[in-house]
Amino acid sequence: MNLLDKINEPADVKKLNNVELEMLAVEIRRELVRTVARTGGHLAPNLGVVELTLALHSVFDLPRDKIIWDVGHQCYVHKMLTGRRSQFSTLRQFGGLSGFPKRAESPYDAFDTGHSSTSISAALGFALARDLKGEDYQVVAVIGDGALTGGMAFEAMNHAGHLKTSLIVVLNDNEMSISSPVGGMAAYLSRLRTDPMYSRGKEELENLLNRLPHFGPRVLKIIDRIKDSFKYLVVPGMLFEELGFTYLGPIEGHSITRLKEVLQRARVTRGPVLVHVITTKGKGYHPAETHPGRFHGVGPFDPETGEPVTTGGPPTFTSVFGAELVRQGEKNNRLVAITAAMPDGTGLIPFARRFPRRFFDVGIAEQHALTMAAGLAAAGLKPVVAIYSTFLQRAIDQVIHDIALMELPVVLAIDRAGLVGEDGETHQGLFDLALLRSIPSMVIMAPKDEQELRHMLVTAIQHHGPAALRYPRGAGVGVPLTGVAQPLPIGKGEVLRQGRDVAILALGPLVYAALAAAEELAARGIEAAVINPRFVKPLDADLILSWAGKTGCLVTVEEHVLAGGFGSAVLELLAARDMVRTRVQCLGIKDQFVPQGKAAVLREHLGLTPAGIVKAVQQVLEGESMFTRRKLGTREISGG
């Protein structure tokens, strides 16, 4: 029997000696590669924290002690060690294990995470609650060097250092190399600073000198000045020391013996402690060590070679966006591109290579990205900020206060809009329309396919105010990419199919599902018009009202929450124009968070398919006006 088969809870990890833990690490890496090769997921980050996770589970007492994983994409090993190994094959699948920490999934998951730079704030909250309630447990935040670029992490560290509350921050640094002389000196000084005898002796010396008249305090001040100068010269991590943290490190992150030793010292140190751990991303699997970026978040792959399992097909929306942005950059030397630590994921690598001086990666700092874009725009440039829908949520105040108020010409290229699939609730792009639609001066559009995306990007670039275009993750529809991209008339939709009985207004690529539904409805004797609205703001009011008058029935379809989304905008339009007798069915995401699962599976579950649209059309044709039902107290406006 393998060691891993004997691990059902963290208490089982504590029974193993260091040699057995090293053997267990090998087994865990094999399991990680085998599972993620099939399910996809964040492989390289998890391979890099195997020993660190084992050390944490050896030293701390979960679930009484709390471990909060920043972002949470490196929690796979933690899940294996906390009773979920039998479910590990369901990782990131619909109805299976989440790829991120989930309180509802296990008592060993202290806090749900999915976005970056939140762990230290949450950990401080736990620590303060512990102290206020008179409880006794340890709180550990595990944060990567990338996540530490987020301003929220420094805000939390500044506050924690000020309060001097006991908590431990483990900095998982997988970018920097470790130098033996510096590491040895750092380890020595770490032991010195955390030794209880040293701390007690230092206090006694200070008390003695303060009792001496006149020169005692002056001598103490000189000693402190010399000590600080020496520390600035030889001690790494002085930034953390100045923030009020005891700094331990850097530590070799793949030595379980060393990790356990330092974590034990951190555990008995009063006040906030930062443990600096050096790890190798992708450790133990050659393809991931060689290409850690490619294996950070990866789809299914061949575990023997590391090569992705591909099925071909059309280019992704992201790649089409990136290619068109390069073409526009060649025409317009005022065009600049900005990303918040996602140059590859947002398709900006080609632009960065072609125009390195006009490309800016700000790190995990979405708020800064948007306000910097505002400054660029105010100074006469044309910034395009490529950002995932789920991460745009972190910078809405900057969109309102720094961009929209001044009507600055900033383009928001919102990638991963709609259902993103296996990353689950924290990453589904289902709120951007509701967040942006209420902002004055904002233009919002959604392309039905990759060719229309090219036209909309040009439209946004040529627009003299803020503009957003949202497009989904993954492959495009497969339409030909021909000709030169041309700007579209702002606020004008298009009719793709005529029909007398009902008009289906489908947003984005769901237009193609609506066209398929219309074919099925025609076979049943129902003639459905299909409209591509293109613009969520401003709406093509004339077009929508015209078809509401012609058919008396509308069905709106969107991959977005219904509250505040496209369907909501249509309902507001009808109410404003006193067309409340129009029968309307809004198909989208109800008042819920959507879990992980393949996007196609989720669409089936939510009714965002041709069959779901057919059902919605039949319901609206058979039912009363939505407004009438609302008056009767039986509101039912959403499909899915």
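## A tour from helix α6

Start with helix α6, whose buried residues pack against β1 (66-69), β2 (139-144), α7 (151-163) and β3 (167-173). Helices (H or I, at least four residues) and strands (E, at least two) are DSSP runs, numbered from the N terminus. Contact means heavy atoms within 4.5 Å. This is a predicted model, in which local features need pLDDT of at least 70 and side-chain atom pairs count only at pLDDT 80 or more, while totals for chains, interfaces and linings use all residues. Residues are numbered from 1 along each chain as its sequence is written, and side-chain values use heavy atoms, with hydrogens and water left out.

Select residues 119-132, which make up α6. The buried residues here are Ser119, Ile120, Ala122, Ala123, Leu124, Phe126, Ala127 and Arg130. Buried means under 20% relative accessible area, exposed over 50%, and partly exposed in between (1.4 Å probe, protein chains only).

Just after α6, select Gly134, which has a positive phi of about 70 degrees. Then show Lys133 and Glu135, whose side chains form a salt bridge (3.5 Å, N to O). A salt bridge is a side-chain nitrogen of Lys or Arg within 4 Å of a carboxyl oxygen of Asp or Glu. Lys133 is exposed at 59% relative accessibility, and Glu135 is partly exposed at 37%.

Next, select Glu494 and Arg534, a salt bridge with its closest N and O atoms 3.3 Å apart. This pair links distant parts of the chain, 40 residues apart: Glu494 is in strand β12 (residues 494-497) and Arg534 is in the loop between β14 (528-532) and β15 (535-537). Glu494 is buried at 19% relative accessible area, and Arg534 is buried at 14%.

Move on to the rings of Phe240 and Tyr247, which are stacked, 6.0 Å centre to centre with 5 degrees between the planes. Rings of Phe, Tyr and Trp (its six-membered ring) pair if their centres lie within 6.5 Å; planes under 30 degrees apart count as stacked, over 60 as edge-to-face and the rest as tilted. Both Phe240 and Tyr247 are buried.

Finish at Phe295 and Phe301, where the centres are 5.4 Å apart and the planes stand at 90 degrees, so the pair is edge-to-face. Both Phe295 and Phe301 are buried.

Technical notes. The expected span of a helix is 1.5 Å times one less than its number of residues.
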